[in-house]
Amino acid sequence: MNISPSALEVTRSCWPGFAVSVLVAATAQFLSEHYGAPAMLLALLLGLALNFLAEEGTRTAPGVALTARTVLRLGVALLGARISVDMLAGLGGPAIALVVAGVVLTILFGLIAARFVNRGWRFALLTGGSVAICGASAAMAIAAVLPRHERSERDLAFTVLSVTVLSTVAMVLYPMLSDLFGFTPRDSGVFLGGTIHDVAQVVGAGFSIGPETGETATLVKLIRVSMLAPVVLCFSLVIRARGLSDQEGGRRPPLLPGFVLGFLALAALNSMGVIPAVLADWAGVLSRWALLIAIAAVGIKTSLARMLDVGGIAIGLIVAETIFLGVFVVAGLHFLS
């Protein structure tokens, strides 16, 4: 097989930045396993400390930029291998309706609240979507379809950092709240899976209560993950309808990015039973590593000084979105019971 000189040149120029991102991700995973901190958070913080590697003219800059885009898309697409129709049907209609309503209303709340604190719609969709769906993974997927602006990288890094920290706090606090509310094991699972942002923290919180709670929480969380594709599609439709989408070579980008189509294709194959369980598990592991590498690259691309410029109002907005989602799910559980 012949490889064009231009492809070889691109590979050669991007390899140093990709290798650095992989090294940061592996270091973050090692520290996470030994000290208990979330790997996503550590990858982002380590990346921020290496921002000088993304400065113009450095050998690593092209590879870091490519990794933040391409590896991210691979990670999001592979999430689809964990989604199936049987999984959705197993939870029951009322609980699914509660989860879906929580996703939609949290995003709408973010849009409304952002207007009161003079934050743009891009930031509202980014933070609201990440809180509503699946934390850092959703933030990176949504950022890929939002029109670019001068603060895009900063806003993404801030959102990933915020939802990861909030997820860690929730992993400790929410099981205690579940006991305080007197939830059954199943309701506790719906509460934890429907409110905590990242999958890893949902699993940790759920199984800290018991097996039934852990399994239900994981299932509910995956239902929220399955909302990623339709939400991204809706965002893309609205952005295109308003003429706000970025132009690529003078043409409008596709309605659905390739990585979202990959997500849907894998979910469909998994629903038909085509993907063996062991392969779906491996896809989940590969997805997690791809997202970890991508967030390391995002951290390297982001200046810490610029990220701190985001301000306390932005922090308050993402905390308010988190509280709104939690209150809505708790109220819904009490109503259903």
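Guide: The chain is built with 16 helices and zero strands, and the model that shows them is a predicted one. Of the 337 residues in the chain, 50% count as buried. Among the contacts with a separation of 6 or more, 79% are made by residues 24 or more positions apart.

Rolling a probe the size of a water molecule over the atoms shows where empty space is left. Counting those of 30 Å³ or more gives two cavities.

The largest cavity holds about 110 Å³ of space. If you wish to find the largest cavity in the structure, look for its lining residues, which are Arg 122, Phe 123, Leu 126, Ala 143, Leu 146, Pro 147, Arg 148, His 149, Ser 152, Glu 153, Asp 155 and Leu 156. Helices α6 and α8 (152–180) each give at least two residues to this lining, and the largest share, four residues, comes from α8. Sorted by kind, the lining of the largest cavity has six nonpolar, two polar and four charged residues.

The second largest cavity contains about 30 Å³ of space. Around the second largest cavity stand Leu 98, Val 99, Gly 102, Val 103, Ala 132, Gly 194, Arg 224, Leu 325 and Val 329. Two or more of these lining residues come from each of the helices α5 and α16 (312–336), and α5 gives the most, with four residues. Here the lining divides into six nonpolar, two polar and one charged residue.

The C-alpha atom of Leu 98 is 9.9 Å from that of Ala 331, although the two residues are 233 residues apart along the chain. Ala 331 has its place in helix α16, and Ala 331 counts as partly exposed because its relative accessibility is 44%, a value between the limits of 20% and 50%.

Arg 224, which also lines the second largest cavity, is one of the buried residues of α11. Twelve of the 16 residues of α11 are buried, so this helix is largely enclosed by the rest of the structure. Among the buried ones are Thr 213, Gly 214, Val 220, Leu 222 and Ser 226. The length of α11 (residues 211–226) can be checked as well: at 1.5 Å a residue, its 16 residues should span 22 Å, and the C-alpha atoms at its ends are 23 Å apart, which agrees.

Asn 118 is found in the loop between α5 (93–116) and α6 (121–132); α5 supplies residues to the lining of the second largest cavity, while α6 supplies residues to that of the largest. Asn 118 counts as exposed because its relative accessibility is 73%, which is over the limit of 50%. The phi angle of Asn 118 is near 60 degrees, a positive value in a residue other than glycine.

Note on methods. Residues are numbered from 1 along each chain as its sequence is written. This is a predicted model: local features need pLDDT of at least 70, side-chain atom pairs count only at pLDDT 80 or more; totals for chains, interfaces and linings use all residues. Side-chain values use heavy atoms; hydrogens and water are left out. Buried means under 20% relative accessible area, exposed over 50%, partly exposed in between (1.4 Å probe, protein chains only). On a 1 Å grid over the protein atoms alone, a cavity is a set of points where a 1.4 Å probe fits but cannot get out, and a pocket is an open set with protein on both sides within 12 Å along at least five of seven lines; lining residues have an atom within 4 Å of a point. Grid points are joined across faces, edges and corners, and a volume is the space filled by probe spheres set on the points. Ala, Val, Leu, Ile, Met, Phe, Trp, Tyr, Cys and Pro count as nonpolar, Asp, Glu, Lys and Arg as charged, and the others, Gly among them, as polar. The expected span of a helix is 1.5 Å times one less than its number of residues. Contact means heavy atoms within 4.5 Å.
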